[in-house]
Amino acid sequence: MADTIVDAVSRALDEAPPRQFRETVDLAVNLRDLDLNDPSQRVDESVVLPAGTGQETQIVVFASGETALRAQDVADEVLDGDDLEELGDDTDAAKDLADETDFFVAEASLMQDIGRYLGTVLGPRGKMPTPLQPDDDVVETVNRMKNTVQLRSRDRRTFHTRVGAEDMDPDEIATNVDVIVRRLEASLEKGPLNIDSMYVKTTMGPSVEVPA
C-alpha cells in the first residue's frame, strides 16, 4: 500500500473540524473515458473492507425456518414470506425499508417472490438481495456483509463510498482505500486510466486528493 494513501487519509482526519457526532470517512472517485450511459461500463461492485466500515450496517434477511432463527442473532430484521407479501401491498413501507437498509439477504427460494413484490422498489436502488443458497451459512454471510460497501457509479462520473470512520486508525482506513482502488483498477476497462481523480474526506471535512 502506498504511503501517499496513508498521508492523504491522515490529512483528511487532521483537517476535519471537530463535530458533535461521529463522522464517516468517504472516498470520492471521479471516472473518465467511460460511456456511463452504457450499463456495462458502469461501476457496480461489492467490496469487503478488511478493516471494517467503522459504522453500523443495517441488514435485513428474508428467510423462514431454521435459517430465520439463526439470522435473528446477527441481522437487524428477519422477514418471512408473509411479511414480503404485506410489503408488496404497501409501497410506502417497502420504500422506507429499502432506504433504511444497507443490504438485503434472502433465501434463494424466495428470490422469485421478492422480484414480484419488491423488484420495482429494490431494483432501482441497487438493493436486490444477495441470494442465500441452501449450503450457505446465513450468520457468516451477514457478518461478511457488515463489512461490505457498494461501489456504484450509475450514470454519473463521480461516485462516493464509505471507507471508515473518523476514530479509526489512518492505516486501517488507508488499507480499505487501497482495496477499493485495486478492485476498481481490476474491473474498469482501462484500469487506472479510467480513474481521473480520487478524494478522501470526513462527512463535513475538507477533501484531500489521493495521489494516483
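On a 1 Å grid over the protein atoms alone, a pocket is an open set of points where a 1.4 Å probe fits, with protein on both sides within 12 Å along at least five of seven lines, and its lining residues have an atom within 4 Å of a point. Grid points are joined across faces, edges and corners, and a volume is the space filled by probe spheres set on the points.

The structure is a predicted model, in which local features need pLDDT of at least 70 and side-chain atom pairs count only at pLDDT 80 or more, while totals for chains, interfaces and linings use all residues. Residues are numbered from 1 along each chain as its sequence is written, and side-chain values use heavy atoms, with hydrogens and water left out.

## Pockets

| Pocket | Volume | Lining by class |
|---|---|---|
| Largest pocket | About 600 Å³ | Eight nonpolar, eight polar, seven charged residues |
| Second largest pocket | About 260 Å³ | Nine nonpolar, two polar, four charged residues |

The second largest pocket is lined by 15 residues, and Val-181, Glu-185, Met-198, Pro-211 and Ala-212 lie closest to its centre. Strand β9 makes the greatest contribution to this lining, namely four residues. In the largest pocket, 23 residues form the lining, and those nearest the centre are Asp-102, Phe-103, Val-149, Gln-150 and Arg-152. Here strand β7 provides the largest share, four residues. Helices (H or I, at least four residues) and strands (E, at least two) are DSSP runs, numbered from the N terminus.

Two strands pair if DSSP finds at least two bridges between them. Four strands form an open sheet with parallel pairing, in the order β4-β3-β5-β6. Strands β4 (77–79) and β6 (130–132) are at the edges and have a single partner strand each, so one side of each lacks a neighbour in the sheet. On average, neighbouring strands of this sheet are turned by 25° against each other, direction ignored. Axes are lines fitted to C-alpha atoms, for helices over the stretch in contact, and angles run from 0 to 180 degrees between N-to-C directions.

Strand β5 (residues 103–107) runs parallel to β6 and is joined to it by three bridges. Ala-106 has Pro-131 in β6 as its bridge partner. Helix α5 (residues 111–122) packs on the sheet and touches β3 (59–62), β5 and β6, its direction making about 160° with that of β5. Contact means heavy atoms within 4.5 Å.

The structure holds one aromatic pair. Phe-62 and Phe-104 are stacked, at 6.0 Å centre to centre and with 15° between the planes. Phe-62 lies in strand β3 and Phe-104 in strand β5, 42 residues apart. Rings of Phe, Tyr and Trp (its six-membered ring) pair if their centres lie within 6.5 Å; planes under 30 degrees apart count as stacked, over 60 as edge-to-face and the rest as tilted.

## The antiparallel sheet

Another open sheet of four strands is ordered β8-β1-β9-β10, with antiparallel pairing. Its edge strands, β8 and β10 (208–209), each pair on one side only. Seven bridges connect β1 (residues 24–31) with β9 in antiparallel fashion, and Asn-30 stands opposite Ser-197 in β9. Helix α1 packs on this sheet, touching β1, β9 and β10, and its direction makes about 40° with that of β9. Helix α7 also packs on the sheet, where it touches β1, β8 and β9; its direction makes about 150° with that of β8.

Conventions. Nonpolar A, V, L, I, M, F, W, Y, C, P; charged D, E, K, R; others polar.
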